[in-house]
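Work through the exercises below with the sequence and the coordinates at hand. Each task is followed by its solution in steps.

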Amino acid sequence: MKKKPDNVVFNEQTNRYDAALKPYATSVGAPVITSTDSIAWKNISVQKVNHRLKTRYLELKEAYDEMMREYRYSELIYNAKFSFEPIMGQVYHLYQRDNEESFLSLIAPDQCNFKSLGSYYLNAEQIWEKVNEI
């Protein structure tokens, strides 16, 4: 078969002229098809995505750390000895006896001589939160 000139769009597989079927311009007077440089766009996009993912990771890490603090406080309190039912919204004080046994009390640290392990607040979800002592 005879080779067609470059400006003639001929499909050798179907043996037809199919310039009208192409998704791009095929005539000599058509605008030039140039590839755009997408490297700069990719670099900016990668930086944005990395920043977003790092920010989200830090948010999740902070939430996880907070959850683990709540877990440790609750575990500390629930493993302590106490003979009353704590009331939500109240502050209680955790102490340690000489035999290393911990116990929960209503008595404030300035009113007794036991080793204080901190003051804790029972919130509405029954999770213990440590009270910042002034």
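**Exercise 1. Name the residues of the aromatic cluster that includes Trp128, and characterise the pair Tyr78 and Trp128.**

Step 1. One aromatic cluster is formed by Tyr78, Phe82, Phe84, Tyr92 and Trp128. The model is a predicted one, in which local features need pLDDT of at least 70 and side-chain atom pairs count only at pLDDT 80 or more, while totals for chains, interfaces and linings use all residues. Residues are numbered from 1 along each chain as its sequence is written, and side-chain values use heavy atoms, with hydrogens and water left out.

Step 2. Apply the pairing rule: rings of Phe, Tyr and Trp (its six-membered ring) pair if their centres lie within 6.5 Å; planes under 30 degrees apart are stacked, over 60 edge-to-face, and the rest tilted. The count by this rule is eight aromatic pairs.

Step 3. For Tyr78 and Trp128 the centres are 6.4 Å apart and the planes stand at 75 degrees, an edge-to-face pair. Tyr78 belongs to helix H1 and Trp128 to strand E6 (residues 128–131), so this pair ties together parts that are 50 residues apart in sequence. Helices (H or I, at least four residues) and strands (E, at least two) are DSSP runs, numbered from the N terminus.

Step 4. Compare accessibility, where buried means under 20% relative accessible area, exposed over 50%, and partly exposed in between (1.4 Å probe, protein chains only). Trp128 is buried at 0%, whereas Tyr78 is partly exposed at 43%.

**Exercise 2. Classify the ring pair Tyr95 and Phe103, and find the charged end that sits over the ring of Phe103.**

Step 1. The ring centres of Tyr95 and Phe103 lie 5.6 Å apart with the planes at 35 degrees, so the pair is tilted. Both Tyr95 and Phe103 are buried.

Step 2. The charged end over the ring of Phe103 is that of Arg97, 4.2 Å from the ring centre. The criterion is NZ of Lys or CZ of Arg within 6 Å of the ring centre and within 35 degrees of the ring normal.

**Exercise 3. How many salt bridges does the structure hold, and which residues does the network with Glu62 join?**

Step 1. A salt bridge requires a side-chain nitrogen of Lys or Arg within 4 Å of a carboxyl oxygen of Asp or Glu. The structure holds five of these salt bridges.

Step 2. Arg56 and Glu59 form a salt bridge with 3.5 Å between the closest N and O atoms. The two residues are three apart in helix H1 (residues 39–78), which means a separation of about one helical turn. Arg56 is partly exposed at 46%, as is Glu59 at 45%.

Step 3. In the salt bridge of Arg69 with Glu62, the closest N and O atoms are 3.4 Å apart. Arg69 is partly exposed with 27%, and Glu62 is partly exposed with 46%.

Step 4. Arg97 also bridges to Glu101, at 2.8 Å from N to O. Arg97 is partly exposed at 34%, and Glu101 is partly exposed at 27%.

Step 5. The network joins Glu62, Glu66 and Arg69 through salt bridges that share partners.

**Exercise 4. Is Asn113 buried or exposed, and where is Asn113 found?**

Step 1. Asn113 is in the loop between strand E4 (102–105) and strand E5 (115–122).

Step 2. With a relative accessible area of 83%, Asn113 is exposed.
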